[in-house]
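Okay, everyone, let's talk salt bridges today. Have a look at the model on the screen and keep the sequence handy.

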Amino acid sequence: MWSQTVSGRVNLAGMTERIDERWIGRRVRALRQARGATLRALADETGLSATQLSRIESGSRQASVGTLIELSRTFGITLSELVADTTPAAVHVISRDRRAVHHTASGDVAVLSGDLPDLHSMHLTISPRCSFPTAHHDGEEWMYVLSGTVELIIGAEGDEQSTTLGPGDAAHFQARTTHRVRNDGDTSTEILLVGTRDPLGESAWAGSAEVGLRP
């Protein structure tokens, strides 16, 4: 019984209705991140392996009921709360006047993407004479300059390549290479950033609202 996987729910007619099988993985990821825990830390708490948890979060592996019970105990919630029927809508719409903008001393970050597993997108406003934190992570990044100018710096210190981008310019690069952006101008720069999510469920750029842009 406890090895049975959960891949649907039973409606009032007694028929099993298929749900988004990746929802539970996204729910586990959100709860883990809310605790500020890494995959390894959660693995130590639950007795599961970090690899198993990573596959559950990505949706490539369905969790057994026993695993879900252990996860719910670790998070301090009931099993019903863990698998609550809050499957995201097929289309995630963020209207311009209702999106959440995170203000920092050096610029603004507005997340434009929803809770889907593969892509993240953000609208960044970088204040004059400020730079975005250095990052390097798996996946790819695509950047488009909406206004102002920005310097894209690729590579580790001592082996850097710098490119200046203006309105209408775009750049696409492997995010595993150390990279950062800098606004050396006297006016704010606005860029649209789209990237693939880190396979461990983390986004090096997504934490910028908490870390803040650096002058």
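So, Arg-32 is buried, at 0% relative accessibility; buried here means under 20% relative accessible area, exposed over 50%, and partly exposed in between, with a 1.4 Å probe and protein chains only.

Quick housekeeping: this is a predicted model, so local features need pLDDT of at least 70 and side-chain atom pairs count only at pLDDT 80 or more, while totals for chains, interfaces and linings use all residues. Residues are numbered from 1 along each chain as its sequence is written, and side-chain values use heavy atoms, with hydrogens and water left out.

Which residue does Arg-32 form a salt bridge with? That's Glu-57, with the closest N and O atoms 2.7 Å apart. By salt bridge I mean a side-chain nitrogen of Lys or Arg within 4 Å of a carboxyl oxygen of Asp or Glu. Glu-57 is buried as well, at 2%. Helices (H or I, at least four residues) and strands (E, at least two) are DSSP runs numbered from the N terminus.

Glu-57 also pairs with Arg-29, closest N and O atoms 4.0 Å apart. Arg-29 sits in H1 (residues 23-34) and Glu-57 in H3 (residues 50-58), so parts 28 residues apart in sequence get tied together. Arg-29 is buried too, at 10%.

Arg-182 is partly exposed at 25%, whereas Glu-151 is buried at 15%.
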